[in-house]
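The following questions and answers go through a structural model one part at a time. Please look at the sequence and the coordinates first.

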Amino acid sequence: MIASFDALETLLALGLTVVALACLFDRHLVRACCFFVAFALAMTLAWWQLGAPWLAAVELLLGAVLTGLCFFYALGRFFPGVSSPLERDSFNEPWTRAFARLLLALAWFVMVGAAIRYVITDMVYSPDEQPLLLAGVMITASALGAFALHRHVLRRLLAFNILGSGVFMLLAGVAGTSATAQALITVGLCIAWLGSMLGALLIRQLLHLEGVDALRDGNPKENAT
Amino acid sequence: MIWRFGLFESTFTPLVSTHWALSAALGLPLLLGMLAALFPPQRMWPVALASLPVLVSGWVLLSAYDQAGLLRWQWEVAGVSLSLRLSGLSVLLLLTTQWIGVAAALYTPGSLRLGEPQPLSRWLWPLMGVLLSALSLIWLASDLLTLYVALELMGLSAVGMLLLSGKVAALVAGMRYLLLALVGSLAYLLGVALILGQWGRLDLQGLAAVVEPGPVAWIAAALMGAGLALKAALFPMHGWLSPVHGSAWTPVSALHAALVIKASLFMLLQLWSILLPGTFYAPRVIAWLGMLAIVWGGLLAWRTDSLKTLVASSTVAQLGYLMVVFPLLLGPDIAPLPRALAWEGFWLQLLGHAFAKAAMFMAAGNLIFATGESTLKGLAGTSRRLPLSLLIFGVASVTLMGLPPSSGFTAKWLLLEAMLISQQWWAVAALLVGTLLTAAYVFRMFRYSFDDSAPRHHYQPLAPGMDLIALALALTAFALGLLAHFPLALMRGGGV
């Protein structure tokens with residue numbers, strides 16, 4: 001019984017990580033958004049698995065349905081048959097920048113992993129027994145790297161959403177799914193949805209005014225956190 | 001430090017009238033904003049009439065604090081406890097928010113009427129309402145969950161307001177601001193997660209009692225500090241600030257520079273005084289960055305060609321003054337006297353800057369409206385035709401430069417005294433350099449405006465009251481220096 005339980009969680013954690021990576025690094029935007037919806041559905045299952053049905057419901061409604069709709073609206077896919085200029089991310093980056101961002105993501109991964117492993121002694125879920133927590137660390141690191149790497153604002157918005165899910169997963173791992181933690185995550189999900197909605201409206205407006213090139217976020221100096 | 005923020009038990013329970021005043025102060029801006037979206041006000045008097053109850057609620061809270069001292073509220077909703085507290089500092093910041101908010105709201109109808117008709121202008125009202133409610137909540141909240149909600153509401157409504165002008169530059173800058181603000185709030189959330197996991201509680205008062213220095217407190221403080229510094233545009237994370245202000249509407253810029261940025265700084269200081277009461281290095285890092293901010297912001301403002309960039313870059317430099325004070329507020333073995341002086345100087349500088357910067361943005365907005373140009377060169381000849389707008393700009397700059405008897409002077413005097421007692425010579429040097437740079441960029445702007453060689457023919461007349469509101473704000477900043485005993489008494493009132 002316990003073995004099958006663990007297998008299910010491991011499978012879920014693996015699935016989450018793979019879908020997140022696919023969503024973050026697929027240049028085909030429509031496919032990436034489909035992966036995002038799949039990721040949100042997997043998150044719903046993960047919340048259910050962690051014993052937080054309320055969060056599962058919120059994630060399903062806000063994360064999968066509403067945020068997913070925001071992204072497809074931003075892509076201009078509400079009316080089938082209309083061709084949209086948003087197909088692929090064609091902005092290229094020099095490899096030095098990509099390398100720097102890879103280092104950033106790795107540093108983040110090591111830092112958070114070490115903090116969770118050694119600093120916080122009495123966690124609710126120990127990372128040794130909880131593959132979902134490991135997936136959270138992994139997702140956070142890769143999403144942060146992707147956020148810093150990509151120039152296309154839609155991909156950055158996707159990366160932010162995945163980063164958010166990773167952070168919520170870490171929060172649940174560190175603090176458990178008490179009422180307070182669930183309240184924090186619920187607020188975070190609402191904010192992520194509102195932010196994605198605002199971002200989607202902005203992307204449509206920018207496309208309308210300026211075309212695809214306006215979606216390139218240009219300042220190379222910026223770097224978050 | 002903890003008692004200064006009012007994180008201790010209260011003696012009295014709030015009266016029923018105080019409950020009402022609290023709900024009015026938190027809820028009314030939101031409701032009035034929604035109402036104004038349905039019926040957008042075209043004149044100034046409906047706005048003035050509608051904002052009266054908000055101002056009254058602030059006054060009632062002030063008198064309640066005068067009588068009873070610190071007040072606390074606590075609720076338990078579905079296993080989650082939420083708490084508010086009304087300390088002297090909260091009252092002061094709440095009143096500031098209400099007055100600047102009302103001034104911006106009064107300024108709005110005129111400025112919307114003057115510009116070309118904007119399709120999205122009615123959405124400004126609800127966003128402004130959400131922003132003011134969220135700000136009021138930040139000053140009062142005393143648990144991390146409420147603070148998170150308020151911070152996010154404030155951030156999202158601020159982004160929304162800055163986008164309303166609909167120009168491409170505004171949208172591009174707004175998109176970057178949105179993404180950075182969202183990621184900043186995730187860093188904050190991760191810090192909250194660590195705290196919740198380690199100590200199992202989120203109320204600030206309880207945390208102040210149980211937090212012990214250690215890696216968890218440091219990591220949480222670093223994460224929250226990074227997120228909040230990003231939102232507060234602290235150097236070197238100020239890059240998003242100037243572009244965002246470049247094409248925003250005037251009242252929006254005024255509210256953003258005066259209040260939104262300060263709210264993140266307030267939270268940063270409050271959380272660090274709980275998590276890092278005795279660290280040596282963290283406040284010093286902030287102070288060194290602050291010195292760079294003073295120089296860099298001053299240079300940016302000095303070299304720029306655009307009036308709005310000048311005002312926005314000056315915000316970066318003025319935030320530097322506040323950052324330089326951090327080692328006098330946080331850290332081991334600071335003598336009580338310099339700490340008290342630094343505390344008072346910090347908040348007085350923050351308040352003076354809030355009023356002066358709001359006035360300055362409005363004066364700059366008026367100049368840009370009237371001349372139709374947003375560059376410094378376009379100001380040529382304004383000294384004869386628009387003396388009042390220039391005068392307002394001048395009065396506001398007196399506060400920023402810290403000339404007597406403005407609030408900037410009193411604040412810097414207090415800070416200098418604290419720095420001299422504790423022998424922080426580099427901070428003194430930073431303060432003096434900052435004053436010189438401020439004078440340099442302000443006088444550069446005035447030099448262009450007194451240039452009479454390019455006579456202009458057409459000036460758009462301003463709506464009545466637009467100058468008067470800005471003048472009132474500038475004079476408030478000025479008078480806070482002469483009447484400093486009122487805010488100082490409220491700041492000290494934290495520990496009766």
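Helices here are DSSP runs of H or I with at least four residues, numbered from the N terminus. The model is predicted.

Q: In which helix is the place of H256(B)?
A: The helices are numbered from the N terminus of the chain. Residues 250-275 of chain B form one of them, and H256(B) falls in that range. The helix is α10.

Q: Does H256(B) count as buried or exposed?
A: A residue is buried if 20 or more other C-beta atoms lie within 10 Å of its own, and exposed if 12 or fewer do. H256(B) has 27 C-beta neighbours inside 10 Å. H256(B) therefore counts as buried.

Q: Which residues is H256(B) in contact with, leaving aside its neighbours within four places in sequence?
A: Contact requires C-beta atoms within 7 Å. The contacts of H256(B) beyond four places in sequence are A158(B), L162(B) and I261(B).

Q: What radius of gyration does chain B have, and what does the globule rule give for 496 residues?
A: Chain B has 20 helices and two strands. Its radius of gyration is close to the value of the globule rule, so chain B is as compact as a globular protein of that length. The C-alpha atoms fill a box of roughly 70 × 55 × 40 Å along the principal axes.

Q: What percentage of the contacts in chain B with a separation of 6 or more is between residues 24 or more positions apart?
A: Buried residues make up 63% of the 496 residues in chain B. Among contacts with a separation of 6 or more, residues 24 or more positions apart account for 83%.

Q: How are α3(B) and α4(B) oriented to each other?
A: The axes of α3(B), residues 88-114, and α4(B), residues 124-140, come within 9 Å and cross at roughly 170 degrees. The residues of this contact divide into nine nonpolar, five polar and no charged. Angles over 145 degrees count as roughly antiparallel. The two helices, α3(B) and α4(B), are therefore roughly antiparallel.

Q: Which helices do the buried residues of α11(B) pack against?
A: Helix α11 of chain B, residues 281-303, reaches 33 Å from its first C-alpha to its last, close to the 33 Å expected at 1.5 Å a residue. Its buried residues include P283(B), I286(B), M291(B), I294(B) and L300(B). The buried residues of α11(B) pack against α12, α13 and α18 of chain B.

Q: Which element gives the most to the side of chain B that touches chain A?
A: The contact takes 42 residues from chain B and 39 residues from chain A. Elements giving two or more residues to the side of chain B are α5, α6 and α8. By class, that side has 31 nonpolar, nine polar and two charged residues. With 23 residues, the element that gives the most is α6(B).

Q: How are α7(A) and α5(B) oriented to each other?
A: Helix α7 of chain A, residues 179-210, packs with α5(B) at an angle of about 5 degrees, with the axes 10 Å apart. Residues meeting there include L184(A), I191(A) and L198(A) in α7(A), and Y148(B), L156(B) and V159(B) in α5(B). Angles under 35 degrees count as roughly parallel. That makes α7(A) and α5(B) roughly parallel.

Note on methods:
Residues are numbered from 1 along each chain as its sequence is written. Chains are lettered from A and ligands numbered from 1 in the order in which they are written. This is a predicted model: local features need pLDDT of at least 70, side-chain atom pairs count only at pLDDT 80 or more; totals for chains, interfaces and linings use all residues. The radius of gyration is taken over C-alpha atoms; the globule rule is 2.2 Å times the number of residues to the power 0.38. Two residues are in contact if their C-beta atoms, placed from the backbone, lie within 7 Å. Axes are lines fitted to C-alpha atoms, for helices over the stretch in contact, and angles run from 0 to 180 degrees between N-to-C directions. Angles under 35 degrees count as roughly parallel, over 145 as roughly antiparallel, 65 to 115 as roughly perpendicular and the rest as oblique. Ala, Val, Leu, Ile, Met, Phe, Trp, Tyr, Cys and Pro count as nonpolar, Asp, Glu, Lys and Arg as charged, and the others, Gly among them, as polar. The expected span of a helix is 1.5 Å times one less than its number of residues.
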